[in-house]
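Colleague: I have the sequence and the model open now. Can you walk me through it?

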Amino acid sequence: KPLPKLPVPPLKQSLNKYLRSLKPIISTEQYERTRAIVHEFGRDGGNGELLQQKLLEYVEKTTNWSYDWWLNDMYLKIRLPLPIHVNPGMVFPKQHFSDEGQRLRFAAKLISGILDYKVIIDAKALPVDRARHNKPGQPMCMEQYYRLFSSYRVPGLVKDELVSPTSSVMPEPEHIIVVCNNQFFVLDVIINFKRLSDQDLVSQLKRIVDSSTEETDPSIGFLTAMSRTDWARARMKLMENSTNRDSLDMIERCIFVLCLDAPMDHPPAEVGKPMDADDEPLALQMLHGGGVGMNAGNRWFDKTMQFIIGTDGTCGLNYEHSPSEGVAVVQLVEHLLRYIDSETHKRKLTRAQSICELPYPRRLRWKLTSYTIDDIQRATLTLDESVNDLDLKLIRFTVFGKNFPKSQNMSPDAFIQIALQLTYYRMYGKITHTYESASTRRFQLGRVDNIRSASCEALAFAKAMVCEEEVPIEKKMQLLHETIEFQTDNCIQTILGHGFDCHFLGLREVNGDPTPEIFTDLSFIESNQFRLSTSQVLTKLDTFMCYGPVVADGYGTAYNPHEDYILFAITSFKSHPDTDSFVFRTHLKHSLMDMFNLCNSSNNNFQIYKEG
């Protein structure tokens with residue numbers, strides 16, 4: 001039974017939600033100007049009704065009316081470089097490699113685990129995800145999973161292209177790309193219709209490691225860290241040579257990229273130690289490779305899945321975000337880690353081939369002109385500037401996890417979102433436009449819409465919590481419950497297809513030119529400057545994701561609530577005088593503690609905690 005189509009919300013409903021989202025953030029004077037513009041747009045027989053009708057007609061012709069517009073607006077038209085700005089990093093639990101052989105054995109198991117998972121994906125045999133809340137059991141769209149190993153982002157001068165093979169004319173790729181010492185190698189993982197055993201994979205990986213230092217070409221991978229327009233121009237120059245075209249084709253068609261990283265300058269991984277602030281260098285390694293002098297050239301950022309394994313036991317991934325949301329990546333990662341840790345996984349294998357029977361992994365060759373060498377040089381300079389500018393801080397908050405909000409009959413996600421609003425208010429004396437991704441996978445080709453967490457209720461609660469005049473506990477709790485209730489209801493409406501961000505995007509795109517005044521108004525432009533970009537990324541294992549801010553004066557905040565602790569990854573840019581991840585982290589801890597103590601005081605449970 002096919003999933004339903006993404007609905008188009010009623011026009012007046014979206015307009016009212018939009019005005020409500022502005023009220024706690026902009027001045028009264030600006031709000032009144034914008035309200036007049038909105039009322040003119042939404043009046044009976046006005047431009048809004050005309051565009052709404054055009055959008056409803058367009059819905060009938062498409063599987064998901066918002067998908068292409070959203071993909072272009074969210075990713076493909078963005079001209080910023082992929083590292084930090086677009087591609088998230090994910091840190092896996094630490095490993096301990098006593099020698100290089102142990103690292104390569106881990107890498108071989110990872111390859112085998114991915115190939116196992118890919119067999120299920122290719123057969124479209126993954127169990128269908130189902131909603132756990134709000135109509136529990138409702139099936140979810142699985143298309144994101146099927147793009148993990150079949151998609152590639154090609155840079156364009158104005159807009160990138162997400163390439164996904166849609167026909168069976170081209171044979172399925174049977175190779176991966178291994179990057180070691182900034183050199184790229186083709187590793188065939190299927191030879192004569194047979195998958196390589198773990199032992200064969202180790203032999204081939206050792207060959208790659210040994211030969212990666214014999215000769216070194218300039219680090220071509222740096223080009224994928226350029227702005228998208230600059231990389232598109234550089235790629236055109238590369239493609240003028242047939243050798244380069246062949247090498248690019250092998251990278252673009254591979255199943256995934258495996259990055260065997262050189263040692264970084266951070267302390268060795270301690271196996272079994274929980275993730276905490278000491279793991280910030282690991283997160284940076286996954287986000288951008290640590291800079292030009294480290295492993296940033298040991299990447300190909302356009303490829304959807306890049307798995308990273310360092311000599312010191314650090315491991316994780318960097319993924320290009322446009323094909324898929326975090327949920328599909330997390331499911332893959334947890335399958336992999338269970339596979340690797342399992343002592344029982346056994347596969348019937350043909351005998352291990354003699355090393356001489358295996359074709360040697362092929363080093364990719366490049367014919368580089370002076371123009372391309374100059375491009376690489378420029379890429380390294382801008383990349384190092386971005387690497388040095390990123391300010392990342394982690395929190396492993398252990399006073400409570402998601403079980404505590406549940407014990408208060410509150411949504412853990414809403415509780416954390418309100419703590420983030422309180423944190424921002426503490427720092428700046430105001431709240432700000434906030435992005436929280438909400439999955440719309442209940443619908444065909446569903447991706448995400450935006451839960452706007454900055455509300456009038458959140459502002460009233462924040463004011464009460466930091467007010468110099470003491471506000472009674474009962475009043476604070478009333479405000480907290482009202483804020484939680486609004487946030488939870490807002491979340492439910494958004495995942496059921498009634499957010500206004502995608503709706504407004506559809507009205508803009510279906511219109512063409514000229515753009516209606518509602519979308520050129522200063523309030524609308526500012527409402528899409530998300531100084532808080534947030535995302536809940538749930539994992540069962542002790543792993544976490546991180547990503548950069550989406551505006552110069554903003555914060556990126558990924559969080560992962562477990563039963564008894566919460567992991568946060570906070571990012572900002574050092575170059576902006578108004579942001580500081582360390583200060584944000586400090587205030588976030590205080591906000592979480594104050595909300596915890598407030599709930600306990602209200603419950604006559606005097607288990608009050610103080611930091612330090």
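Modeller: The C-alpha centres of domain 1 and domain 2 lie 36 Å apart. The contact between them takes 11 residues from domain 1 and 18 residues from domain 2, contact meaning heavy atoms within 4.5 Å. This is a predicted model, where local features need pLDDT of at least 70 and side-chain atom pairs count only at pLDDT 80 or more, while totals for chains, interfaces and linings use all residues. Residues are numbered from 1 along each chain as its sequence is written, and side-chain values use heavy atoms, with hydrogens and water left out.

Colleague: Into which domains is the chain divided?

Modeller: Domain 1 is 11-62 + 398-536 + 580-609, and domain 2 is 73-129 + 141-390. Those bounds come from an automatic or database domain assignment.

Colleague: How much area do domain 1 and domain 2 bury between them?

Modeller: About 970 Å², with 41% of it on carbon and sulfur atoms. Buried area here is the accessible area (1.4 Å probe) that two parts lose on being put together, summed over both. On the domain 1 side, Arg441, Leu445 and Arg447 lose the most area to domain 2, together 64% of what that side buries.

Colleague: And how many salt bridges across the interface?

Modeller: The rule finds 4 between domain 1 and domain 2. A salt bridge is a side-chain nitrogen of Lys or Arg within 4 Å of a carboxyl oxygen of Asp or Glu. There are also 7 residue pairs in polar contact across that interface, both residues at pLDDT 80 or more. A polar contact is a pair of N or O atoms within 3.5 Å; within protein, one must be able to donate a hydrogen and the other to accept it, and residues adjacent in sequence count only if both atoms are side-chain atoms. The residues of domain 1 that touch domain 2 divide into 5 nonpolar, 2 polar and 4 charged.

Colleague: Where is histidine 321?

Modeller: In the loop between β10 (315-319) and α11 (326-341). Helices (H or I, at least four residues) and strands (E, at least two) are DSSP runs, numbered from the N terminus. The side chain of histidine 321 reaches the backbone oxygen of serine 324 at 3.0 Å.

Colleague: Is histidine 321 buried or exposed?

Modeller: Histidine 321 counts as buried because its relative accessible area is 13%. Buried means under 20%, exposed over 50%, partly exposed in between (1.4 Å probe, protein chains only).

Colleague: Change of topic. How many salt bridges does the count come to?

Modeller: It comes to 32 by this rule. Arginine 426 and aspartate 594 form one of them, with the closest N and O atoms 2.3 Å apart. Arginine 426 lies in helix α14 (residues 412-428) and aspartate 594 in helix α19 (residues 581-602), so the pair ties together parts that are 168 residues apart in sequence.

Colleague: What about glutamate 32 and arginine 35?

Modeller: Their side chains meet in a salt bridge at 2.8 Å, N to O. Both sit in helix α2 (residues 28-42), and because they are 3 residues apart there, about one helical turn separates them.

Colleague: Which residues are linked in a network of salt bridges?

Modeller: Arg79, Arg153, Asp160, Arg228, Asp302 and Glu320.

Colleague: Last topic, backbone angles. What is phi of lysine 124?

Modeller: Near 50°, a positive value in a residue other than glycine. Most residues other than glycine have a negative phi. Lysine 124 is in the loop between α5 and α6 (143-146). Asparagine 192 also has a positive phi, about 55°, although it is not a glycine.

Colleague: Where is asparagine 192, and is it buried or exposed?

Modeller: Asparagine 192 is in the loop between β6 (190-191) and β7 (194-195). At 65% relative accessibility, asparagine 192 is exposed.

Key:
Nonpolar A, V, L, I, M, F, W, Y, C, P; charged D, E, K, R; others polar.
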